[in-house]
Amino acid sequence: MWARDEKRRHVRCTYLADAEYMLKPPAADEILQGAVVNVSNSGMSLFITKPLDIGQERIIRGNAPNLAQTAVVRWVKQAGGCYKIGAECHPVWRSRSRCS
């Protein structure tokens with residue numbers, strides 16, 4: 001059962017994978033490294049090294065099926081020397097992704 005203040009529509013599944021992210025449209029000289037920590041049918045959470053702005057669109061890609069997606073940054077929290085972000089993925093990703 002979700003906590004009363006839970007805002008997510010879908011359950012998050014733990015999923016650890018390396019990822020790359022870049023601005024949308026892509027800037028060839030700005031491909032950054034990160035790590036996906038969980039996914040759901042509507043988004044994902046990542047650890048990254050540079051802060052992002054809420055509302056920014058990014059392309060996120062990795063080794064997992066369906067991980068090359070456009071996503072919008074919804075929240076950013078500083079976590080030690082890095083940042084944890086929540087990203088909402090576009091409907092194309094949602095329709096093909098399922099947690100098991």
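A residue counts as partly exposed when its relative accessible area lies between the limits for buried, under 20%, and exposed, over 50%. In this predicted model, that class includes Glu 88, which has a relative accessible area of 24%, and Arg 74, which stands at 44% relative accessibility. The side chains of Glu 88 and Arg 74 meet in a salt bridge, with a distance of 2.7 Å from N to O, and the pair links distant parts of the chain, since Glu 88 belongs to strand E6 and Arg 74 to strand E5, 14 residues apart.

The structure holds 2 salt bridges, and another pair is formed by Arg 61 and Glu 20, whose closest N and O atoms are 2.7 Å apart.

Strand E4 (residues 57-62) is joined to strand E5 (residues 69-79) by 4 bridges, and Ile 60 has Gln 69 as its bridge partner in E5.

The mean pLDDT of the protein chain is 76, with the highest mean, 91, in strand E6 (residues 82-89) and the lowest, 42, in helix H1 (residues 91-96). Where pLDDT is low, the predicted coordinates should not be read in detail.

Key. Residues are numbered from 1 along each chain as its sequence is written. This is a predicted model: local features need pLDDT of at least 70, side-chain atom pairs count only at pLDDT 80 or more; totals for chains, interfaces and linings use all residues. Side-chain values use heavy atoms; hydrogens and water are left out. pLDDT is the predictor's confidence in each residue, from 0 to 100. Helices (H or I, at least four residues) and strands (E, at least two) are DSSP runs, numbered from the N terminus. Two strands pair if DSSP finds at least two bridges between them. A salt bridge is a side-chain nitrogen of Lys or Arg within 4 Å of a carboxyl oxygen of Asp or Glu. Buried means under 20% relative accessible area, exposed over 50%, partly exposed in between (1.4 Å probe, protein chains only).
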